[in-house]
Amino acid sequence: MKKINSVILFVLIFLLLMLESSCSQPDNDDNSVYEKDNPQTPTEIQDIPEETTVDPDYQYGGEQFDFNGETFTFVYADVWGDPKFPETENGDVVNDATYRCLIETEEFFNLKIQPVRHVGMDGSAKAISQEVRAGINSFDAALTPEINGLPSLVTNNYLYNWQKMPNVDFSQKYWNQSLIDDFTINGYLPFAANDFITTMPLFILFNKELIKDYGLENPYELVKSGKWTWTKFTEMAKKVSKDLTGDGQFGLDDLYGYAGMCDWELTSVMYSCDQNLLRKEDDGRYVLDVYTEKMQSIVETFYDLIHVGTQSYTYSYAERDMPQVQFKSGRVLFTTDQIDTMELRTIEFDFGILPYPKFDEQQEKHISLGWGSLTFSVPINVSDPERVGAVTEYMGAKAHELIIPATFDNLLRRKVARDKESEEMLDIIYGNIVYDFGMMFSNFNEMFYILPTMMNEKTTDLTSFYEKRASSVQRQYDKIYDACIANSEE
């Protein structure tokens, strides 16, 4: 597993500004594509300068092809809600930056970008499978979500090898080097990602008013001093617990130190402790690496947090749509979340943002697991790989110029962070994001979900959990690795 080099990224956050766009996309149902000339005016116009400063290290250096007005079709799974292919400019700078990125790509290559939406996490993966099995070429590339559907695409050899993609330069900084390094096996890379694809790591929200009311330590200072650990998190959470209704039971209307869904969010805890699901051996093969003393300690710490005492309120994924204790109620000290501007902007009390805690004070950095990630996947029988390479290469460079500053400077800083310290915490959260072979190819296996599964089963018996599942899960990863080796030799 590699860590993203984000030094340049966060310098650019303060240097790059948005371009103003005045374009919109017609309805996809009548085969429309992105057109620049459209009289529609957004209801809200941001103050965006006419010119943008472009970092030369991120500029497109490839050839400008003329594709004669051809259609470039993207299949995508619309599951995360971010505007990968916005239908119109609407005044939101992230939406409009993405829209302009697509328009400028069209103009640069004289082509028309046509998005085709598939519902569900595995929608685009299914589209690739159907494409290859049928021997047709109805689209050029797909945006495939993490975790779901990727293993079968590799084991069936349905994906074009990105290490052989023409007109692509992976030395360029707008390509995700962490993903390229971790997922290239014997010269075979099944998918790739660049700055057109942003990730949404998890973070901790804390209620400043409860921190003050209970005389707790300043979480910002704990982060800066290196003392923000899961042990400290648990210690602070345990100090906040009160039966507000006076009925002798803890329910929806009481006060908690921690509240959240006991499911996928907890998978990030393992990685925040620098405990990976897999270990890469000297021969390149990946093996399970969660049967460790550190993982046992993580399990026990969270069992203490969730099941010992009255300070925690958790619920399962199946219960997520039922009434639950929410952070915005003001009766929760800590919760986990992703960037959700509408929810955060409606919170009426003062709150702050923190990275996931470390395992202990000796751990060097706070680590964030990349969630909400998408990848560029291309059917192995794609008709024009030269065009795919050129277009995605340009999109990466243009996205760094437009989408990255819009996302970080506006969405994260202006809409989410309410104080300077939270902005500093966002730098930490996004400054050390990791991606993992075990996560991307997990298909939701129980070993990847080891912490939430054990917490839901109310057990700390790591040995029993591991012995029941390790062999079958390891075979899954071996099958994927062996397929990568076989695919690389074709």
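Me: What covers the buried residues of helix 10?
Reply: In this predicted model, the cover includes helix 8 (230-237), helix 9 (267-272), helix 15 (450-456) and helix 16 (462-488). Strand 5 (256-261) and strand 8 (312-315) belong to the cover too.

Me: Which residues of helix 10 are called buried, and what makes them so?
Reply: They are M295, I298, V299, T301, F302, L305 and I306. Buried means under 20% relative accessible area, so each of these seven names falls below that cut-off.

Me: Why say that the buried residues of helix 10 line one face?
Reply: Look down the axis of helix 10: its buried residues fall within an arc of 165 degrees, so they line one face. In general, an α-helix has 3.6 residues a turn, so residues three or four places apart point the same way.

Me: How do you know that the length of helix 10 agrees with its number of residues?
Reply: Helix 10 (residues 293-307) has 15 residues.

Me: What follows helix 10?
Reply: G309 does, with a positive phi near 105 degrees.

Me: What makes strand 4 mostly covered?
Reply: Five of the five residues of strand 4 (residues 203-207) are buried. F203, L205 and N207 are on one side, I204 and F206 on the other. Both faces are therefore covered, each residue being under 20% relative accessible area.

Me: How do you know that strand 4 pairs with strand 9?
Reply: Pairing needs at least two bridges; four join strand 4 to strand 9 (residues 332-337), so they pair. The two run antiparallel. I204 stands opposite T336 in strand 9.

Me: What joins strand 4 to strand 10?
Reply: Four bridges, again with an antiparallel run, join strand 4 to strand 10 (residues 351-354). The partner of L205 there is I353.

Me: Why are strand 2 and strand 12 called edge strands?
Reply: The open sheet has four strands in the order 2-1-3-12, with mixed pairing. Strand 2 (111-118) and strand 12 (374-377) each pair on one side only. The twist averages 25 degrees from one strand to the next.

Me: What packs on the sheet?
Reply: Helix 3 (residues 123-134) does, touching strand 1 (70-77), strand 2, strand 3 and strand 12. Its direction makes about 135 degrees with that of strand 3.

Me: Which residues have the most contacts inside the largest nonpolar core?
Reply: W162, F196, L277, F334 and M447 do, in a core of 154 residues. Helix 12 (residues 385-416) gives the largest share, 14 residues.

Terms used: Residues are numbered from 1 along each chain as its sequence is written. This is a predicted model: local features need pLDDT of at least 70, side-chain atom pairs count only at pLDDT 80 or more; totals for chains, interfaces and linings use all residues. Side-chain values use heavy atoms; hydrogens and water are left out. A nonpolar core is a set of buried Ala, Val, Leu, Ile, Met, Phe, Trp, Tyr and Cys residues joined through side-chain atoms within 4.5 Å. Buried means under 20% relative accessible area, exposed over 50%, partly exposed in between (1.4 Å probe, protein chains only). Axes are lines fitted to C-alpha atoms, for helices over the stretch in contact, and angles run from 0 to 180 degrees between N-to-C directions. Contact means heavy atoms within 4.5 Å. The expected span of a helix is 1.5 Å times one less than its number of residues. The arc is that of the directions from the helix axis to the C-beta atoms.
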